[in-house]
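Please read this briefing alongside the sequence and the 3D view.

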Amino acid sequence: MNQPMTPADAAFSWTIDDPKPVEGLLLPGGVAVAEVQARGNADVNAATASQPSDVPDAGRPRILFQPAVPTWDPAAGTILKPTVHLADDPAAEILPTPAPAFSEQIPAAIPTEGDRIPIVQDLQPDRVWVPEGASQRFEAFRNRRRKPLANLFDNAVRAIRSQRGRDYGVGVERLPFALFEIDASQPSNNFRLRFESASDWEFADRVEYFWSKIGGKGPEFANPLTFEPSVDYQDIRLSFEVGGKKFSATTELPLRFIDPTILSNTGGMGDMVITTKTVMIDGDSLQLTQVLRNQLPTGSAKRGLGNGHVSMEPGFVARYKWSERTLIHNELKLWFPIGGQPGFSGPVLRYGMGFANVLYDSDTFAILPTFEIVGWSILTGQKSVGAVNPQSIDGENIINLYPGVRFVSDKRRLFELGISGGASVTERHWYRSVLRLDLRWTF
């Protein structure tokens, strides 16, 4: 019986009582339209036709089946792609003819194996790069790790090259005060806080330079034949320098903490140092200054915090201007004890050379690398080596190297941060290595 239809379903539905011819499927090779009749059992009659027949009712949909057109894929060979769609325009039922260029890629005869089309065996997929071995993987990893460092190095090089042609800044101004171990020849007004850590000071009472004689003014041992083979120490030094262009005086107050091998660890006030500077020659390229360093026995000699006697170290420091951005520093001093153990203590000659350069300079910030070579010659004296009679010294030589860098900032107040290390390069040494951190404010 008839079913009621809504207006929305009228264009896409038909009734069973009033069958209408429906467009059939276009089969491969141009198979004709099949008329479907539905009343009871459905019989399908097919006839061949070159073009599909017109449907009297244009409002009804026509289902079109586009034959599977062979398509050539370089990776998979020949494939078939059939298409099913609805056609509203009779002209859309005409199938397009493959282009000549595309038809040339289709083989004349397509081999079949049952209902499957075999894939051509000689076709290969596109090449994909794969690392051949561990060396290539390591090279790729190294390049990735190297890129950040290379960028940092390139930025540093560009910053250094940008200094050419610039006006001189705070770096050139602070270049005379850049060194750590060698005194500056130019007097100034500053406050400095220094942290110093040294390791493996051998023969601590040698010529009473660091300690007084063990068993005398120096530390006592239960066994008189015992001696201290190595001492580590840490210093916190506060220094004030006040003066003018030609003269200055510096007061240095140390806090010392020692770590001996045999004795117990201890700490406290060390020996105070007072230093004066007097400029003798002040030229454009050369400056020569007389320096007098006085060490006062304010530290406890029995606890190993001082050497137990007054000592003086007069000498000269000089500065030569190699260029506007490079200075060469030199020093020559003689340390000798006053009131030390006769025959045990002795004089020490000190000499050195240092270089300071402006690596980066601006109005408010600068980087100053430094390098120093300092030597000591122990002229005469003695040291305890565990025997009843101490061992005599005749001309021991010590040479240390001190690389470092100083950062200068002049935004609100002139402030400097310096980092320096030192190591002995000779068989005999005071300390084996040392590390320094400087904080300095200039006023």
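**Nonpolar surface patch**

Leu238, Phe240, Leu253, Leu255, Phe257 and Met269 make a nonpolar surface patch of about 480 Å². The model is a predicted one, in which local features need pLDDT of at least 70 and side-chain atom pairs count only at pLDDT 80 or more, while totals for chains, interfaces and linings use all residues. Residues are numbered from 1 along each chain as its sequence is written, and side-chain values use heavy atoms, with hydrogens and water left out.

- Patches are made of residues with over 30% relative accessible area and no salt bridge, and nonpolar side chains (Val, Leu, Ile, Met, Phe, Trp, Tyr) are joined within 5 Å. A salt bridge is a side-chain nitrogen of Lys or Arg within 4 Å of a carboxyl oxygen of Asp or Glu.
- Accessible areas come from the Shrake-Rupley method with a 1.4 Å probe, and for residues only the protein chains shown count as cover.
- Strands β6 (230-243) and β7 (247-260) each supply at least two residues of the patch; strands are DSSP runs (E, at least two residues) and helices are DSSP runs (H or I, at least four), numbered from the N terminus.
- The largest share of the patch, three residues, comes from β7.
- Phe257 is found in β7 and is partly exposed, because its relative accessible area is 37% (buried is under 20%, exposed over 50%, partly exposed in between).

- In strand β13 (residues 348-357), the covered face holds Val348, Arg350, Gly352, Gly354 and Ala356, and the uncovered face holds Leu349, Tyr351, Met353, Phe355 and Asn357.
- In a regular strand the side chains alternate between the two faces of the sheet.
- β13 pairs with strand β12 (residues 326-338) in the antiparallel sense over ten bridges (two strands pair if DSSP finds at least two bridges between them).
- His329 stands opposite Gly354 in β13.
- Strand β15 (residues 365-378) runs antiparallel to β13, and nine bridges join them.
- Trp376 in β15 stands opposite Arg350.

**Ser424**

- Ser424 is found in strand β19 (residues 415-424).
- Ser424 counts as buried because its relative accessibility is 13%.
- A polar atom of the Ser424 side chain lies 3.4 Å from the backbone nitrogen of Thr426.
- Apart from neighbours within four places in sequence, Ser424 is in contact (heavy atoms within 4.5 Å) with Ile398, Ile399, Asn400, His429, Tyr431 and Arg432.

**The whole chain**

- The protein chain has three helices and 20 strands.
- Of its 443 residues, 35% are buried.
- The protein chain exposes about 25400 Å², of which carbon and sulfur atoms supply 59%.

Definitions and conventions
Buried < 20%, exposed > 50% of the residue type's maximum accessible area, 1.4 Å probe, protein only. Polar contact = N/O pair within 3.5 Å; in protein donor to acceptor, adjacent residues only side chain to side chain. Patch = residues over 30% accessible without salt bridge, like charges linked within 9 Å, V, L, I, M, F, W, Y side chains within 5 Å.
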